[in-house]
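Keep the sequence and the 3D view open while you read.

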Amino acid sequence: MSDALQAIIARAAATQPLTIAQYMELALQHPEYGYYRRHDPLGARGDFITAPEISQTFGELIGLWCVDMWDKLGRPDPFTLCELGPGRGTLMRDALRAAGTMPAFTTACRVVLVESNVDLRTAQGAALADYQPQWLEEPDALPMRPALVIANEFFDALPIRQYIRREDDWYENCISCVAGKLQWAAVRVAVPVAAGMPAAAPGAIVEVSVAATNIMRDLSRHLAAHGGAMLAIDYGYDAAPGSPTFQALARHNYADPLRDPGQADLTAHVDFGALAATAREQGMQVWPLVTQGDFLRALGIDARCAQLVARATPAQRDALLAAHRRLTDSVQMGTLFKVFCVTPSDDPVPAGWE
Ligand code: SAH
């Protein structure tokens, strides 16, 4: 399978250098061989592990965040509870279980999942059978009603392009194929690059995701017209770091992104500053970026963990405490991961920002 995708990519790149976005599109989303179209990449036997797979408390607290927001919005009925890239459905399942303490929320809620991976859709269907989810290919077709939108480690999977500022001009980092081997090629960019390119000193490398901007614009328009809120959690930054973040992860290790396309997860850190600018253009309110550690502590993760520990066996206890540290500790996910929240400008203050 990887040979077939490798040949498809090599043929395309031999004709003309591919942008990283085109390369990611093929490697991740090729209908037959793309990384996100086939297998389940999550978990110990996959390539990476995510917060909801580490601890049930993650999804539970997000579920309670949704209940609180829904209550503050005047309890719209019906409303959409949408997740972008729901993986195995674990976050949503934990969120809905915790939200079950408020039956009116569950009754009013219509679950909508945006997912491109067929295997994961099956897993999500099994995890969420009680809630009859509806699937969408793209988040631009949400039903016309208020929506709470959740995205954990979704935006990092979207294609980016990478530009290099040199003394004389901008160049784009592209991928060419020479003698059957994929390699990097810096291509001079004749026209002004993407809209909103930051001023950059020579040597800086800037990453831009048109796909992320488009999704943010669509969601902002939806929330502005119908009400609701969006919460996105991911590794990323507010101000462009000036260095590349495009990376490959295979079996829990960093890998060469040009080796074995379709066999590794390809991601880039999320440019939350660019998402914020796009949301503001649509008149949305963007809440200050907070770290995952601070956000989870504000929602009560310490108390929830203590509650689980109190009725656990000694072995479970160690696992619970390790998972808690992994999610919140600043040397683990606590600081690297950020929480980004967008609401219409007249929405009340979301939990975590009070
Ligand atoms: N949110 C989950 C999974 C994160 S992995 C968790 O935290 O465990 C990224 C998820 O986004 C996967 O479900 C993947 O299949 C999905 N995905 C990636 N690119 C996508 C795209 N362009 N459209 C829809 N879903 C996508």
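First, some ground rules. This is a predicted model, so local features need pLDDT of at least 70 and side-chain atom pairs count only at pLDDT 80 or more, while totals for chains, interfaces and linings use all residues. Residues are numbered from 1 along each chain as its sequence is written, and side-chain values use heavy atoms, with hydrogens and water left out.

**The core**

In soluble globular proteins, nonpolar side chains tend to be buried together. A nonpolar core here is a set of buried Ala, Val, Leu, Ile, Met, Phe, Trp, Tyr and Cys residues joined through side-chain atoms within 4.5 Å. "Buried" means under 20% relative accessible area, "exposed" over 50%, and "partly exposed" in between (1.4 Å probe, protein chains only). The largest such core has 43 residues, and Trp65, Leu81, Phe105, Leu148, Leu231, Phe295 and Trp353 have the most contacts inside it. Its top contributor is helix H4 (residues 56–72), which gives 8 residues. Helices (H or I, at least four residues) and strands (E, at least two) are DSSP runs, numbered from the N terminus.

What does leucine 231 touch, beyond its neighbours within four places in sequence? Its contacts (heavy atoms within 4.5 Å) include Ile62, Trp65, Phe295 and Trp353.

Phe295 also turns up in helix H10 (residues 292–299), where Gln292, Gly293, Phe295, Leu296 and Leu299 are buried. Looking down the axis of H10, these buried residues fall within an arc of 165°, so they line one face of the helix. That arc is taken from the directions from the helix axis to the C-beta atoms. Just after H10, glycine 300 has a positive phi of about 100°.

Aspartate 94 sits in helix H5 and is buried, with a relative accessible area of 2%. Leaving out residues up to four places away in sequence, aspartate 94 touches Pro52, Gln56, Gly59 and Glu60. Arginine 38 lies in the loop between helices H2 and H3, and is buried too, at 14%.

**The strands**

Two strands pair if DSSP finds at least two bridges between them.

| Pair | Bridges | Facing residues |
|---|---|---|
| S6 (161–165) and S9 (205–208) | 4 bridges | Isoleucine 164 and isoleucine 205 |
| S6 and S7 (170–178) | 3 bridges | Tyrosine 163 and glutamate 172 |
| S7 and S8 (181–188) | 8 bridges | Valine 178 and lysine 181 |

S6 and S7 form a hairpin with 4 residues between them. S7 and S8 make a hairpin with 2 residues between them, and alanine 179 in that turn has a positive phi of about 50°.

On a 1 Å grid over the protein atoms alone, a cavity is a set of points where a 1.4 Å probe fits but cannot get out; a pocket is an open set with protein on both sides within 12 Å along at least five of seven lines, and lining residues have an atom within 4 Å of a point. Grid points are joined across faces, edges and corners, and a volume is the space filled by probe spheres set on the points.

The largest pocket holds about 740 Å³ of space. Its lining has 38 residues, with Gln29, Ser116, Phe154, Ala157 and Leu158 nearest its centre.

How many cavities of 30 Å³ or more does a search of the whole structure find? There is 1. Strand S9 gives the most to the lining of the largest cavity, with 3 residues.
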